[in-house]
Amino acid sequence: FNPYDPNSVPVKRTALGRFAHEGIVFAAATAGKPVVCYSGDDARFEYIYKFVSAKPYDPATADGSLLDDGTLHVAKFNADGSGEWLALAPGQNGLTPENGFADLADILVNTRLAADKAGATKMDRPEWGAIDPATGEVYFTLTNNNRRAQTQVDAVNPRAENNFGQIVRWRYDGSDHAATAFQWDLFVLAGTK
């Protein structure tokens, strides 16, 4: 959509998946590398997503169409501080016709179900994110989740009945946002104590 052109119409960016996007945060674009962006699904027990464009960024020709073709990933935070981006793509991470995902359209329309099947980490209401321009570290806020039971606590969501939220931070070797492996830690545990 071009706000300066009264004849332009919005374009749906289907490849970014269907969920409650709480904004989109872009990593710095580098010529010759894919465009990478992050989005949280703002609901209890939902996920953090990353999209990596199929085509590289070219500052002379780049436009929104870079968001039409690429791979949507969902985050899995391991207890040891490592993490991985699970591709939400046909035939990968259990996303097969036998499991109810006939094709990419099924995955992108039913993104939450695909993330469930892939085995991603259910988060405490992922909201917005920011990327440190100097280090490339990514910060993502998790608002709260007062419905998390003690049996559902994990390393990145460490509190039951989480009323205050937290901020998770992750980084990549070489600051390569297109990488599928990362290291994470809890930057802030919010609250009164």
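**Close-up 1. Asp-41 and Arg-112 pair up in a salt bridge.** In this predicted model, the closest N and O atoms of the two residues sit 2.7 Å apart; a salt bridge here is a side-chain nitrogen of Lys or Arg within 4 Å of a carboxyl oxygen of Asp or Glu. Asp-41 belongs to the loop between strand E2 (34-40) and strand E3 (44-46), while Arg-112 is in helix H2 (residues 111-118), so the contact ties together parts that are 71 residues apart in sequence. (Helices, H or I with at least four residues, and strands, E with at least two, are DSSP runs numbered from the N terminus.) Asp-41 is buried at 0% relative accessibility, whereas Arg-112 is partly exposed at 31%. Buried means under 20% relative accessible area, exposed over 50%, and partly exposed in between (1.4 Å probe, protein chains only).

**Close-up 2. Lys-122 meets Asp-116.** Their salt bridge spans 2.9 Å, N to O. Lys-122 is partly exposed at 36% relative accessibility, and Asp-116 is partly exposed too, at 37%.

**Close-up 3. Arg-148 bridges to Asp-124.** The N to O distance is 2.7 Å. Arg-148 lies in the loop between strand E9 (138-142) and strand E10 (166-171) and Asp-124 in strand E7 (residues 123-124), so this pair links parts 24 residues apart in sequence. Both residues are buried.

**Close-up 4. A salt-bridge network.** Glu-137, Arg-169, Arg-171 and Asp-185 are linked together here. The whole structure holds ten salt bridges.

**Notes.** Residues are numbered from 1 along each chain as its sequence is written, and side-chain values use heavy atoms, leaving out hydrogens and water. As the model is predicted, local features need pLDDT of at least 70 and side-chain atom pairs count only at pLDDT 80 or more, while totals for chains, interfaces and linings use all residues.
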